Amino acid sequence: MQENINNIKESLVRDLESVNKPQDIVDLKAKYVGKSGCITELTKNMRDLSIEEKKTVGMLVNEVKNYANDLISKKEEEINNAILNEKLNKESIDITLPSKKIKRGSLHPMTRMVEEFEDLFVSMGFTVFEGPELESDENCFQKLNIPKGHPARDAQDTFYLKDEVENFLLRSQTSTAQVRAMEANEEKGPIRIVCPGKVYRRDEDATHSHQFMQIEGLVIDKNISMADLKGTLEVMMKRILGEKTQVRFRPSFFPFTEPSVEVDVTCFKCGGKGCSLCKQTGWIEVLGAGMVHPDVLTMSGYDPKVYQGFAFGTGIDRMAMFKYNIPDIRTIYGNDIRFIEQFDRKDED
Ligand code: DAH
């Protein structure tokens, strides 16, 4: 037995000399300490031994097993370290190399404008209300007091869907939000919303795009008057376009408001003196507004004898063009990164 053990030890030491990769270790473990390894083999005939003999053999076998395990795991560690060191040497990182610059994105000027409007109106107690871009003829026109065949449709009679969705179109104005907000209000109580969003029309030139952005405002409550409309719009224009901006109201016509006004602001370029942008008038038209027509209130379930309201709608693109001096509206939708990049932190500078 002792001789056997000595042979095993010697053979192990010899084998260890030629071990140099992880697979050799696996083989070695199998050969010596594995299930059918030679050390395990030593216990094969244990059954036939006396208790005393079993004890001695057991001790000897355990001793050689520990001996083998120790040597093998030492070797295993050596091999793993060698592999790791080789890897580290090969993969050396030069921490003195300059890093690649990560390009910071910037908000699109339209997103900026929308957020600016939203922040302002939320600070005045409004909520932001969103409506779909695909809208029914009813919400886009009829419930805004523009029945079929009404001449006010001409400018906005544009992108209709055919066949099974015949009476649907891409909304031509965010005023549709008025109808939706009034109908959604089950108690028929007060409303204070702004609705920014895309609208579509049959337009295409430097200052008109077939797709553009509007923001619609609607306030419904008891005792609402033109004075509330005027005050709200004055605050809005001064905040968005600068405190020096003056606001002028002109009588106008919209089927869904009575009375209706068009709102001008002093030209941002010349400050009101007169220049090519304002066609020498000193004023630029930016907005349509008015007191919500009693019929519009009635159609959406409000009693015009109890509730009044004002509404306004303005083109956000135009406002951005003035604010950021953008000469052609089409660049806003061109997705040219060179254009968008110019607005990076522009306001914060
Ligand atoms: N929707 C109108 C447009 O697209 C603008 C407008 C005018 C909206 C008067 C209103 C309003 O809410 O009361 O030209």
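Domain bounds in this description come from an automatic or database domain assignment. On that basis the chain is divided into domain 1 (2–90) and domain 2 (109–348), and the centres of the two domains, taken over C-alpha atoms, are separated by 85 Å. The model is predicted, so that local features need pLDDT of at least 70 and side-chain atom pairs count only at pLDDT 80 or more, whereas totals for chains, interfaces and linings use all residues. Residues are numbered from 1 along each chain as its sequence is written, and side-chain values use heavy atoms, with hydrogens and water left out.

The ligand is surrounded by 15 residues, the closest being Gln173, Ser175, Gln178, Arg201 and Glu216, where a residue counts as near if one of its heavy atoms lies within 4 Å. Of the residues in this shell, five are nonpolar, eight polar and two charged; Ala, Val, Leu, Ile, Met, Phe, Trp, Tyr, Cys and Pro are classed as nonpolar, Asp, Glu, Lys and Arg as charged, and the others, Gly among them, as polar. At least two shell residues are supplied by each of strand S5 (211–221), strand S8 (283–292) and strand S9 (308–315), strands being DSSP runs (E, at least two residues) and helices likewise (H or I, at least four), numbered from the N terminus.

A polar side-chain atom of Gln178 is placed 2.9 Å from an oxygen atom of the ligand, and an N or O atom in the side chain of Glu216 is 2.4 Å from a ligand oxygen atom.

Two features of the backbone were also noted. The peptide bond from Glu258 to Pro259 is cis, with omega near -5 degrees, and Pro259 lies in strand S7 (residues 257–266).

Definitions and conventions
A polar contact is a pair of N or O atoms within 3.5 Å; within protein, one must be able to donate a hydrogen and the other to accept it, and residues adjacent in sequence count only if both atoms are side-chain atoms.
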